[in-house]
Number of protein chains: 2
Amino acid sequence: MVTFSRNRQEVSFLSRDKLAIIPLGGMGEIGKNMTAVRYGENILLIDCGLMFPEEEMLGIDVVIPDITYLLENRDCVRGIVLTHGHEDHIGALPFVLKQLNVPVYGTRLTLGLLQGKLKEHGLNGVQLQVVKPRDAVHIGPFRVEFIRVSHSIPDAVAIAVHTPVGVLVHTGDFKIDQTPVDGQVTDFCRLAQLGERGVLVLMSDSTNVERPGYTMSERVVGATFDETFRQARERIIVATFASNVHRLQQAIATARRYDRKVAVVGRSMVNVLSVAQELGYIEVPDGTLIELDEANRLPKNKVVLLSTGSQGEPMSALTRMAMCDHRQVEIIPGDTIIISATPIPGNEKLVARIIDQLFKQGAHVIYEKVSGIHVSGHPSQEELKLMINLVRPRFFVPVHGEHRMLIKHAELARGMGIPPENIFVLENGQVLEFNRKGGRIAGRVTAGRVLVDGLGVGDVGNIVLRDRKQLSQDGILIVVVTIDRESGQVIAGPDIVSRGFVYVRESEQLMEDAREKVKCALVKCTGNGVSEWAAIKSQVRDTLGKYLFEKTRRRPMILPIIMEV
Amino acid sequence: MVTFSRNRQEVSFLSRDKLAIIPLGGMGEIGKNMTAVRYGENILLIDCGLMFPEEEMLGIDVVIPDITYLLENRDCVRGIVLTHGHEDHIGALPFVLKQLNVPVYGTRLTLGLLQGKLKEHGLNGVQLQVVKPRDAVHIGPFRVEFIRVSHSIPDAVAIAVHTPVGVLVHTGDFKIDQTPVDGQVTDFCRLAQLGERGVLVLMSDSTNVERPGYTMSERVVGATFDETFRQARERIIVATFASNVHRLQQAIATARRYDRKVAVVGRSMVNVLSVAQELGYIEVPDGTLIELDEANRLPKNKVVLLSTGSQGEPMSALTRMAMCDHRQVEIIPGDTIIISATPIPGNEKLVARIIDQLFKQGAHVIYEKVSGIHVSGHPSQEELKLMINLVRPRFFVPVHGEHRMLIKHAELARGMGIPPENIFVLENGQVLEFNRKGGRIAGRVTAGRVLVDGLGVGDVGNIVLRDRKQLSQDGILIVVVTIDRESGQVIAGPDIVSRGFVYVRESEQLMEDAREKVKCALVKCTGNGVSEWAAIKSQVRDTLGKYLFEKTRRRPMILPIIMEV
């Protein structure tokens with residue numbers, strides 16, 4: 001094994017080698033994590049995630065990183081290594097692999113979850129290589145090592161990239177769980193060994209840097225489940241993240257302890273559970289899992305439902321139940337519903353509304369205000385400090401966070417004794433280069449967001465979004481007029497049709513007056529000999545827009561269409 | 001003074017009098033608080049607030065209560081009493097007073113703030129009657145008493161309505177602040193006296209019922225200001241709610257202590273401060289307040305700016321500063337920015353984005369993760385218990401909360417010994433009637449939401465919102481065709497225009513193919529002798545919709561327009 005002592009690392013700096021770290025996603029945002037590591041003509045990618053759209057990205061399904069830089073350097077890309085199986089780390093792969101056919105390395109569960117996605121996208125022939133913690137693989141000039149960490153999904157790893165310039169450690173998403181459900185503790189020893197031998201740069205998870213202290217162990221949730229199950233007299237419904245296999249494991253074990261059967265509701269929950277079961281990441285005692293219709297026939301106090309929808313997602317199982325819109329499950333007064341999650345920022349109101357609906361139907365709902373019903377999968381400040389003290393990096397780059405979190409994480413690292421000039425808060429696309437003098441920001445490559453809407457990848461841009469925004473606020477008025485090509489005279493119309501503007505039946509007078517305004521504008525145009533369509537359209541838009549704003553204080557989109565016969 | 005001892009209250013129940021409480025807003029929601037109290041042919045209203053629109057109410061400015069019931073009983077309405085000057089308690093008055101000219105009673109600051117609003121709406125001649133805490137006024141058969149409480153705005157009162165059937169106490173919004181900034185403590189004595197003599201029903205604020213313990217005193221924020229101001233080396237910007245006069249007072253006092261001048265940014269902050277100053281609710285030492293341009297000329301460490309925008313509102317002063325879009329204030333590296341607020345549910349992402357932007361510009365931002373930078377104006381569980389123990393009501397109605405909060409507050413009251421059959425969790429419009437037997441839900445009146453969009457009050461309903469929703473997700477395609485009236489033949493078009501669907505320049509082929517599909521559909525129609533417009537339109541919509549979904553997995557609105565010449 002090639003390792004780099006502090007001295008050798010110094011030596012490497014004397015060579016003319018350069019190592020570049022280029023974040024293509026995940027900086028200044030939670031989502032679409034993707035980092036390129038470049039040495040000469042070799043690029044290694046760490047993760048390839050998606051992001052869920054911001055509120056103003058109307059109609060957008062998901063957001064993926066802009067990979068222009070990779071496509072321009074496609075011959076250099078040697079492979080993609082994955083830290084774990086969450087959407088924000090693997091979700092962009094189906095899109096990226098269509099354009100870039102390179103091998104993908106990950107642990108068994110991570111690749112198991114990925115395979116389902118690739119199948120849905122009809123992608124065959126992707127080279128997937130399974131690795132285990134403590135494995136090392138050679139990818140181009142890089143020696144890549146996988147190191148176990150705890151997270152809210154099993155089989156998560158940190159990644160150490162041994163390069164000719166030095167060792168890069170990327171934590172992936174992690175927490176320090178001293179009592180993980182599967183007993184697989186973070187590999188402190190290997191991290192410490194790397195630290196002892198000299199690490200050039202540490203890239204570390206910033207999600208929870210605003211929280212002091214330690215993140216609680218996943219086992220705490222098990223204890224809360226136990227207490228809640230013990231008190232419940234009727235049916236129990238547990239809603240949580242489908243991918244949190246350890247939480248599903250704890251719910252199943254608790255159900256078993258209280259002599260209840262478990263049925264699963266929601267497509268993603270069924271999928272994850274079947275992959276996890278098949279690969280041996282979850283232990284389900286024989287006869288515990290039953291079908292939903294069987295569950296509906298059992299006495300209420302013998303049943304636990306595991307459900308999706310802990311984020312109040314509009315189409316999810318729990319939302320449908322709450323809205324009395326689920327085909328198979330109906331909320332019954334006396335149900336105990338455990339929402340084992342905290343709302344992701346932006347989902348607070350969705351979740352609150354679901355809880356309200358469930359209460360209205362007579363359910364007893366246990367949600368985030370109850371301590372121990374959910375724990376985070378990310379490290380709080382003391383865990384972040386431990387990571388820095390284990391790895392003892394020369395340079396530090398906070399990752400996986402909105403800008404203020406990266407700043408706070410940088411401050412924390414400074415407090416740990418890393419000199420400010422060795423800490424880099426990066427933006428997506430910035431090139432952080434290490435040469436003999438140290439590290440510096442050496443430039444910028446194309447990076448950004450690609451919006452996915454239905455089958456369209458990148459065909460919705462700012463203009464379309466701006467139009468959707470205007471349409472959503474005040475609707476649209478379409479003004480159609482047919483003009484005789486020869487005479488330039490109006491021979492039909494103007495007709496006005498509106499959508500999303502006013503309730504027409506109550507505003508007949510307004511619409512009639514609007515039509516008159518347009519007529520006048522047209523007469524003025526044709527009278528003044530204006531025959532250019534563009535000028536006529538602009539005149540109609542101005543006149544009508546002014547009139548409507550005066551009458552309604554609204555600014556609908558106005559779309560004049562001229563037909564020539 | 002007419003009061004009711006427990007015995008006399010019992011007597012009143014033997015009479016045939018009925019008292020009804022009818023919430024017209026504020027149940028199952030935070031906002032548009034409004035309660036009708038009816039005795040015979042007399043209606044008294046408590047508060048008249050607005051609500052800010054939910055996310056799915058696209059383009060809506062504000063939401064106000066449906067007052068159909070009041071308009072149907074307009075001769076019975078005797079007056080409106082106000083608990084305090086927040087928007088969710090007075091904001092609907094300009095709309096309601098246009099339809100219902102009745103006297104309005106409130107404390108000085110409350111009416112001072114209201115007057116500004118009425119002026120903006122061009123409402124003159126409203127009868128405003130100023131009251132003081134411990135005042136009592138006769139309104140129809142009711143004797144209405146105003147009782148001081150603490151809240152996040154000065155001059156807040158609870159209301160006791162003495163009726164022939166018994167005493168109703170409505171807390172308004174309150175907290176138990178033992179050390180309020182203005183020294184005006186909640187009137188424990190009067191609440192306890194009423195309790196001692198017998199209260200029929202208590203209606204109490206449920207906003208913070210999910211929080212155990214006590215809400216911290218407003219003075220805690222003063223201490224945090226002091227600590228922060230002491231450490232700041234350059235300019236300080238404090239963003240908070242304009243209406244929190246005590247917080248403004250503390251910021252101004254702290255500025256003074258550290259020898260800084262104060263300038264105010266943001267229209268609502270300027271307005272509130274001027275009203276509060278004029279009415280003597282805030283003490284500003286001479287020479288402390290300066291104009292913004294003067295502030296810009298002073299050394300940075302001599303300046304504090306008080307700003308709006310603590311909720312990340314898109315048009316607010318702080319947002320404009322963060323986005324480098326403010327005419328007069330530019331963020332400078334070294335600025336200390338205090339966001340003295342927690343995001344209202346739904347605003348979390350807006351606020352986070354502003355904080356990120358401020359960090360990017362080199363500011364040092366102190367926000368909700370710092371303890372003591374904000375305290376709530378609503379009571380936590382122990383304060384709610386104190387209120388119940390002071391007032392000792394026979395019946396209990398939780399108000400001012402989403403449904404789950406009302407339920408939790410009902411549970412809390414039960415835990416205090418109020419029998420379950422004496423606790424009512426109501427919905428807007430439900431009539432809670434008290435007769436000799438006790439209380440019961442006796443019916444329902446019209447209640448609901450009226451949407452205000454620009455000048456339109458109630459002209460945007462579900463159809464318009466549904467259209468806006470569809471437009472916002474996938475945009476619109478308009479298909480125009482001109483048909484000869486005689487022959488039924490197409491003589492111009494079909495033309496297709498789209499907005500918010502795809503970026504047209506990149507999708508020319510798609511649009512061309514779509515046009516061909518429409519042509520075929522039209523030929524089929526005219527070929528089959530279909531000449532009804534409705535049938536042709538529906539054929540175009542179906543064909544095109546199917547084609548586009550297949551190609552893009554999107555469902556834009558499709559609007560066929562036929563012109564006849």
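Helices (H or I, at least four residues) and strands (E, at least two) are DSSP runs, numbered from the N terminus. In this structure, A:Ala242 is found in the loop between strand E13 (236-239) and helix H8 (245-257) of chain A. The structure is a predicted model, in which local features need pLDDT of at least 70 and side-chain atom pairs count only at pLDDT 80 or more, while totals for chains, interfaces and linings use all residues. Residues are numbered from 1 along each chain as its sequence is written, chains are lettered from A and ligands numbered from 1 in the order in which they are written, and side-chain values use heavy atoms, with hydrogens and water left out.

**Annotated binding site**

- An unreviewed UniProt entry lists, under "binding site", A:Ala242, A:Ser243, A:Asn244, A:His374, A:Val375, A:Ser376, A:Gly377 and A:His378. UniProt positions are given in the numbering used here, feature names are shortened, and annotations may be inferred rather than shown by experiment.
- A:Ala242 counts as buried, with 12% relative accessibility. Buried means under 20% relative accessible area, exposed means over 50%, and partly exposed lies in between (1.4 Å probe, protein chains only).
- Leaving aside residues up to four places away in sequence, A:Ala242 touches A:Leu248, A:Ser268, A:Met269 and A:Val272. Contact means heavy atoms within 4.5 Å.
- A:Gly377 is found in the loop between strand E17 (364-366) and helix H13 (381-391) of chain A.
- A:Gly377 is buried as well, at 7% relative accessibility. Its contacts, not counting residues up to four places away in sequence, are A:His151, A:Ser152, A:Phe174 and A:Lys175.

**The interface between chain A and chain B**

- The size of an interface is often given as the accessible area lost when the parts come together.
- Chain A and chain B bury about 5800 Å² between them, and 59% of it is on carbon and sulfur atoms. In chain A, A:Lys349, A:Arg404 and A:Met563 lose the most area to chain B, together 10% of what that side buries. Buried area is the accessible area (1.4 Å probe) that two parts lose on being put together, summed over both.
- In terms of contacts, 67 residues of chain A meet 67 residues of chain B.
- The rule finds 12 salt bridges across the interface of chain A and chain B. A salt bridge is a side-chain nitrogen of Lys or Arg within 4 Å of a carboxyl oxygen of Asp or Glu.
- One salt bridge joins the side chains of A:Arg404 and B:Asp356, at 2.9 Å from N to O.

**Salt bridges within the chains**

- Over all chains, a search of the whole structure finds 60 salt bridges.
- A:Arg190 forms a salt bridge with A:Glu145, and the closest N and O atoms are 2.3 Å apart. A:Arg190 lies in helix H6 (residues 188-197) of chain A and A:Glu145 in strand E9 (residues 142-148) of chain A, so the pair ties together parts that are 45 residues apart in sequence.
- A:Arg190 is buried at 3% relative accessibility, and A:Glu145 is buried at 3%.
- The side chains of A:Glu210 and A:Arg404 also meet in a salt bridge (3.2 Å, N to O). This pair links distant parts of the chain, 194 residues apart: A:Glu210 is in the loop between strand E12 (199-205) and helix H7 (219-231) of chain A, and A:Arg404 is in helix H14 (residues 403-415) of chain A. Both A:Glu210 and A:Arg404 are buried.
- In chain B, B:Glu196 forms a salt bridge with B:Arg392, the closest N and O atoms being 3.1 Å apart. B:Glu196 is exposed at 56% relative accessibility, whereas B:Arg392 is partly exposed at 39%.

**Cysteines**

- The count of disulfides over all chains comes to 0, where a disulfide is a pair of cysteine sulfur atoms within 2.5 Å.
- The sulfur of B:Cys76 is too far for a bond, because the closest cysteine sulfur, in B:Cys48, is 17 Å away. B:Cys76 is buried at 7% relative accessibility.
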